Amino acid sequence: MCGIVGYIGKRDVAPLLLEGLQRLEYRGYDSAGIAITGPKAAGLKTVKAKGRVRELESRIPKRFAGTTGIAHTRWATHGAPSDENAHPHLDVEGKVAVVHNGIIDNASDLRAKLIADGIEFASETDTEVLVHLIARSTSETLEEKVRDALRIIEGTYGIAVLHADFPDRIVVARNGSPVVLGIGEKEMFVASDVAALVSHTRQIVTLDDGEMATLKADDFRTYTTEGSSTSPSPTTVEWEAESYDMGGHDTYMHKEIFEQSEAVDRVLRGRINDRFATVHLGGLNLDAREARGVRRIKILGCGTSYHAGQIGAQLIEELARIPADAEPASEFRYRNPVVDPDTLYVAVSQSGETYDVLAAVQELKRKGARVLGVVNVVGSAIAREADGGMYVHAGPEVCVVSTKCFTNTVVAFALLALHLGRVRDLSVTDGKRIIEGLRRLPGQIDEILKTEGEIKKLAKDYADAKSMMFIGRVRGYPVAREASLKLKEVSYIHAEAYPASELKHGPLALIEPAMPTVAIVPDDDLLEKNRAALEEIKARNGKILAVAHQEQEKADHTIIVPKNEDELDPILMGIPLQLLAYHTALYLGRDIDKPRNLAKSVTVE
């Protein structure tokens, strides 16, 4: 995996493909490549390079003309980053080029059979197996050749295929990894993400699993891998190309942290019902009778989305009094879970394409469960598979590390919890209290962001730590987990998160002056319990940074955040720790928007 771009039309293709790859750099990658052809071209021309897109661009010769092409940024799954392992991959004769996101599960067996037949492989990748299968097919059309190969492989894929004998077309296919078509004026685009398309067209078609498409300069058609025609309806992309630019900030992460007050306002807009102290969530497709019949809620996500789900589960239990919990989707789908007809399942994914979450949704649907999606990307796979759900309206998030999407997802869960609570036993008074708290959030976020200078100084004080502990109790624990993840992802400092109540059950053994602790200390009914945890750390000469609503005597430093309603405080308490992670990474000279080894949209297991 990571990013696919393709074009067919009349324009010079190489600059378009390079621009598209640059738009996809945020997804994380280790190498890049490009293959082009055209009606007047003699075969395929290919350039590949380990490293960034700029390295690929520097290798492209001056005479590299063509009007059709595919390109790719790779995040290694099979084989180390190298020129040879970079996509596109070619067959022995150099007639077929393929770019591929996903994993071919039976690649080892197929590779062995192809080698036994005399095929010499040029890379260590699973993708090259697919190239040789397409090249060896005896079918007469490119579509049939690709279909023949797809019948043999097992696994996930989003692919784009060029063939020197068919220079008038690109054939694409999807199974578990996104493929988006862009409709232009006598030109067509394909990509794994709309970010690569929005500067050229806002009319898109998103392929479903098991669907293929043939792109020509003036037309396209879609069909299943079995050959039956399909008729998808084009949709209009909500965001302009400028939404993917840095907007005067040095990094996307910084920009997105500072977009959070506007993003939260957007997720609230049009959804609050003051008359009945509730919210409008028509997209749930869940009427009041059905909502009252829900006996349990299970939230599934990965990484940051899982942490948002943990906060969401607490909000649902507190406001709606429905038992709720969150679980990593990657674990859920493999433990043969008991699927209860009275349980409502909620799938959370920023991209809406996270493979482990999507696979869990598909398994739940197979077993008859009701599934809601909480996603950011309109028309994404999870949004289409789910019975209903909510868009979090965070806007495009380019940095690999999620910030504003996490915050908006938690706010979306607050809306869901309020909605379910008012259908059940939450009073009008408490409903109004939560609504007023939600309305205060954008202004309070702005207050926190104004303290960036102070947090920047603190980051310098903590940047020399080799490891850090994050603690919180009940509402504060998921905040600690997400803050710990942020620091790890972007600064590469080892960090662990524990419930504050668990300190004495093992983690206290790690406390020493060189191991700082970040403590989440909200001013709620557990304030004194949290202060007792600070006492335990201080008694062992631990250094403490507290995030609290008032100065903490036992802390070496305190970041003070505005007080909201107890239930909503976690939304605010994580934001200064995003800034702490950012400025720590900046001080350490990290590649903030593209942390090593990570990808934005994880579409493989």
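Trainee: Which residues of α19 meet Glu452, Ile455, Lys456, Leu458, Ala459 and Lys460 of α15?

Mentor: In this predicted model, helices are DSSP runs of H or I with at least four residues and strands are runs of E with at least two, both numbered from the N terminus. Contact means heavy atoms within 4.5 Å. On that basis the six-name list from α15 that you give meets, in α19, Pro576, Leu579, Leu580, His583, Thr584 and Tyr587.

Trainee: What pLDDT do side-chain atom pairs need in order to count?

Mentor: Residues are numbered from 1 along each chain as its sequence is written, and side-chain values use heavy atoms, with hydrogens and water left out. As the model is predicted, totals for chains, interfaces and linings use all residues, whereas local features need pLDDT of at least 70 and side-chain atom pairs need pLDDT 80 or more.

Trainee: What orientation do α15 and α19 have to each other?

Mentor: Axes are lines fitted to C-alpha atoms, for helices over the stretch in contact, and angles run from 0 to 180 degrees between N-to-C directions. The axes of α15 (residues 452–462) and α19 come within 8 Å and cross at roughly 50 degrees. Angles under 35 degrees count as roughly parallel, over 145 as roughly antiparallel, 65 to 115 as roughly perpendicular and the rest as oblique. The relation of α15 to α19 is therefore oblique.

Trainee: How many charged residues does the contact of α15 with α19 have?

Mentor: Ala, Val, Leu, Ile, Met, Phe, Trp, Tyr, Cys and Pro count as nonpolar, Asp, Glu, Lys and Arg as charged, and the others, Gly among them, as polar. By class, the contact of α15 with α19 has 7 nonpolar residues and 2 polar ones, and the number of charged residues is 3.

Trainee: What orientation does α7 have to α13?

Mentor: The axes of α7 (residues 260–268) and α13 (residues 404–423) come within 9 Å, and they cross at roughly 30 degrees. That makes the orientation of α7 to α13 roughly parallel.

Trainee: What is the handedness of the crossing of α3 and α4?

Mentor: Helix α3 (residues 107–116) packs with helix α4 (residues 127–136) at an angle of about 50 degrees, their axes being 10 Å apart. A crossing is left-handed if the near helix is turned anticlockwise from the far one by less than a right angle, and right-handed if clockwise. For α3 and α4, the crossing is left-handed.

Trainee: Which residue of β6 is the bridge partner of His89?

Mentor: The open sheet of 7 strands, in the order β5-β6-β7-β8-β12-β13-β14, has antiparallel pairing, and β5 (89–90) is one of its edge strands. Strand β6 (residues 96–101) is joined to β5 by 2 bridges. In β6, the bridge partner of His89 is Val98.

Notes: Two strands pair if DSSP finds at least two bridges between them.
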